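Dear colleague,

I am passing on a structure that I have been reading through, and I would be glad if you looked at it alongside the notes below.

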Amino acid sequence: MESSGPSVGDVVTVSAVRSTVGQKTLMAVSGILLVLFLVAHMIGNLKVFVGAGSFDHYAHWLRAIGAPLLPHSGYLWIQRAVLTAALVAHVWAATALALRARAARPVGYAHRRPVQGSYAARTMRWGGVIILLFAIYHVLDLTTGHLNPVGDRAHPYGNVVADFAPERWYVTLFYTLAVLAVGFHLRHGLFSAVRTLGQRTAAGEQRARLVALLASVGLCAGYLSVPFAVMVGLVG
Amino acid sequence: MNLTLRIWRQNGPDAKGRLVAYRVTDVSPDMSFLEVLDMLNERLTMEGAEPVAFDHDCREGICGACGVVINGVAHGPEKATTTCQLHMRHFRDGDTIDVEPWRARAFPVVKDLVVDRGALDRVIEAGGYVSAPTGSAPDAHALPVPKADADAAFEAATCIGCGACVAACPNGSAMLFTAAKVTHLGRLPQGQPERQSRVLDMVAAHDDAGFGGCTNTGECTAVCPKGIPLETIGQLNRDYLQASRRPARSRS
């Protein structure tokens, strides 16, 4: 055996990611990483109901994780790097698969009706684009503060309250639509990820669909509770 | 019954096609969909016109030769029914029915409603077989097969390779077909020696043929005349991931 060049194992890995099943696997794994982040992020958000002190303290603690082993914000940057890698992999695989799907049917049907696919399944691609655009806006709004009316990075609680003020209803509306898009995306996406990773029984499919539905509803409720609480003055 | 059929007419693989409307009268509700096409073709032949080309063979719903998209649904409106077993009683007098061929890059139109489904054969050639000589049917219980495996294998083995899954899939994927073959052979003892190379090679052949990827929407299972379940695709994914984790065992 030559010592240079790719090993047999490398060839398999490369060809696996080039295959449709390999790209689906990449989507499933990166998607699950992003969902785990969404769960953690939502739990953090809910501290807004405990009070300004708790919320701000939590935000500052995020920057202190791992200290003194890690530098200030060290853990946060590791997490951001992992999430960005997952997002890039997810979007890359989605784009590759979408282009392949488009090429797979060059001549469409004159008469076409959706047979069985759920609304969630049919809107995965455009829903994903909406979520991506929202995520960019969201970082500029509440992470960097550029698009926030206050943008005080030392006091995130104040940024949230200012963001969802009743007169800025359009921000709340966009936020709501984006969160609902996430809900629909996960309702199909979580089930699909589990199936892609090898779930193969009818009973397991029922369980996976139920978990996907509950997770989607739970995340939507958790994320939407914050802007609506601000809007009606419960949090201020 | 009197019906209007709007049928895709296309002279050859590279010709431009279009939907052409035909009025068919005195259709019996007990006729099959293909018998209506037969009736139309007899009339077209008498008139000196070119009959509509369509694929068919057994007309018993077991060979997989027939299949057209009827009003946007592969094999028409009845569940678990091939086009040849679809009867006109499921339509109403005066209906206009659109009839189109399977649409996929991997299924080029040969003529009218006939498409070349050779891509499915190439997926089979890549690994959809058992190369060990297994002899004649073994004695019962000579080779124990767990009930769950036997049921899953048998269910998958009912696939007749008609290609309706591809026709219905929003991604033009043949994953249900490929998964049915992988499940059928992979869950039986005779299929074990080639289980890993089979799934790798069949997925590679599937992708090479220009089929799309699966997004688990389940459009395929809604039209499959044999009711192949979506779980088979989970079985294929599981086998593929297991095979990919080990050193290359692909035959190609």
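The domain bounds used here come from an automatic or database domain assignment. Please keep in mind throughout that this is a predicted model.

With that understood, the assignment for chain B gives domain 1, which covers residues 3–110, and domain 2, which covers residues 117–245. The centres of domain 1 of chain B and domain 2 of chain B, taken over C-alpha atoms, are separated by 28 Å, and the contact takes 18 residues from domain 1 of chain B and 18 residues from domain 2 of chain B. Sorted by class, the side of domain 1 of chain B that touches domain 2 of chain B has 10 nonpolar, 6 polar and 2 charged residues.

Looking at chain B as a whole, one finds 8 helices and 7 strands. The radius of gyration of chain B is 20 Å, close to the 18 Å that the globule rule gives for 252 residues, so chain B is as compact as a globular protein of that length. The C-alpha trace of chain B spans about 60 × 40 × 35 Å along its principal axes, and buried residues make up 48% of the 252 residues in the chain. Of the contacts in chain B with a separation of 6 or more, 71% are accounted for by residues 24 or more positions apart.

Where pLDDT is low, the predicted coordinates should not be read in detail.

For chain A, an unreviewed UniProt entry lists residues 25–44, 77–99, 119–140, 169–190 and 210–235 under "transmembrane region". In the model, residues 119–140 of chain A are 95% helix and 0% strand, with the end C-alpha atoms 30 Å apart, while residues 210–235 of chain A are 85% helix and 0% strand, with the end C-alpha atoms 32 Å apart.

How many residues of chain A are in contact with chain B? There are 41, and they meet 41 residues of chain B. The elements of chain A that each give two or more residues to this side are α1 (8–18), α2 (20–45), α4 (74–104), α8 (169–196) and α9 (202–231). By class, the side of chain A that touches chain B has 19 nonpolar, 14 polar and 8 charged residues.

Key
Residues numbered from 1 in each chain as written. Chains lettered and ligands numbered in written order. Predicted model: local features only at pLDDT ≥ 70, side-chain atom pairs only at ≥ 80, totals over all residues. Contact = placed C-beta atoms within 7 Å. Helix = DSSP H or I, 4+ residues; strand = E, 2+ residues; numbered from the N terminus. Nonpolar A, V, L, I, M, F, W, Y, C, P; charged D, E, K, R; others polar. UniProt positions renumbered as here; feature names shortened; annotations may be inferred. Rg over C-alpha atoms; globule rule 2.2 N^0.38 Å. Buried ≥ 20, exposed ≤ 12 C-beta atoms within 10 Å, placed from the backbone.
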